[in-house]
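Biologist: I have a structure open and would like to learn how to read it. Could you walk me through it with me?

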Amino acid sequence: KLTYAYADGKSYVVDASIAQLEERHAGFVRIHRATLVRLAAIAELHAAPDGTRIRLTDGTELAVARERVKALKERLGL
């Protein structure tokens with residue numbers, strides 16, 4: 001299993017697992033079993049017909065897993 005990090009439009013292979021990264025970096029939150037997002041990069045949280053989604057500051061939209069919405073809202077102070 002490979003873990004990828006995306007930054008500044010580039011993709012990097014990372015040695016650590018997503019669980020290890022989540023544990024080490026308090027400024028990140030898991031929004032899906034395979035997706036970890038920097039809290040400061042979240043510009044908007046909104047409900048969509050297919051579930052909850054976030055929009056990042058770069059315009060990227062990502063789905064939030066149903067079981068992770070509550071924890072995300074808590075981390076965002078909502």
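This is a predicted model: local features need pLDDT of at least 70, side-chain atom pairs count only at pLDDT 80 or more; totals for chains, interfaces and linings use all residues.

Biologist: Where is R30 found, and is R30 buried or exposed?

Modeller: R30 is found in strand 3, which covers residues 28-32. R30 counts as buried because its relative accessibility is 12%, and buried means under 20%. Leaving aside neighbours within four places in sequence, the contacts of R30 are I18, A19, E22, T35, L36 and R68.

Biologist: How should I read a charged pair, and what do the side chains of E22 and R30 meet in?

Modeller: The general idea is that side chains of opposite charge can pair when their charged atoms come close. Here, E22 and R30 meet in a salt bridge, with 3.1 Å from N to O. The two partners can be read by their accessibility too: R30 is buried at 12%, while E22 is partly exposed at 30%.

Biologist: How many salt bridges does the count come to?

Modeller: The count comes to five salt bridges. R53 takes part in some of these: its side chain meets that of D50 at 3.6 Å, N to O, and E61 forms a salt bridge with R53, the closest N and O atoms being 3.2 Å apart. Salt bridges that share partners join E44, D50, R53, R55 and E61 into one network.

Biologist: Which of R53, D50 and E61 are buried, partly exposed or exposed?

Modeller: R53 is buried, with a relative accessible area of 18%. D50 is exposed at 61%, and E61 is partly exposed at 31%.

Biologist: Now the sheet. What order do the strands have in the open sheet of three strands?

Modeller: The order is 5-6-7, with antiparallel pairing. The twist from one strand to the next averages 25 degrees.

Biologist: Which strands stand at the edges, and how many bridges join strand 5 to strand 6?

Modeller: Strand 5 (42-48) and strand 7 (61-63) are the edge strands; each has a single partner strand, so one side of each is left without a neighbour in the sheet. Strand 5 and strand 6 (residues 51-56) run antiparallel and are joined by six bridges. To find this pairing on your screen, look for E44, which stands opposite R55 in strand 6. E44 and R55 also belong to the salt-bridge network described above.

Biologist: What lies across strand 5 and strand 6?

Modeller: That is helix 2, residues 69-76, which runs at about 145 degrees to strand 5.

Biologist: Last topic, the nonpolar core. Which residues make up the largest one?

Modeller: In soluble globular proteins, nonpolar side chains tend to be buried together. In this model, the largest nonpolar core has 11 residues in all: V29, I31, V37, L39, A41, I42, I54, L56, V64, V69 and L72. Strand 3, strand 6 and helix 2 each supply at least two residues of this core.

Biologist: And what does A41 touch, not counting residues up to four places away in sequence?

Modeller: A41 touches R55, L56 and T57.

Note on methods:
Residues are numbered from 1 along each chain as its sequence is written. Side-chain values use heavy atoms; hydrogens and water are left out. Helices (H or I, at least four residues) and strands (E, at least two) are DSSP runs, numbered from the N terminus. Buried means under 20% relative accessible area, exposed over 50%, partly exposed in between (1.4 Å probe, protein chains only). Contact means heavy atoms within 4.5 Å. A salt bridge is a side-chain nitrogen of Lys or Arg within 4 Å of a carboxyl oxygen of Asp or Glu. Two strands pair if DSSP finds at least two bridges between them. Axes are lines fitted to C-alpha atoms, for helices over the stretch in contact, and angles run from 0 to 180 degrees between N-to-C directions. A nonpolar core is a set of buried Ala, Val, Leu, Ile, Met, Phe, Trp, Tyr and Cys residues joined through side-chain atoms within 4.5 Å.
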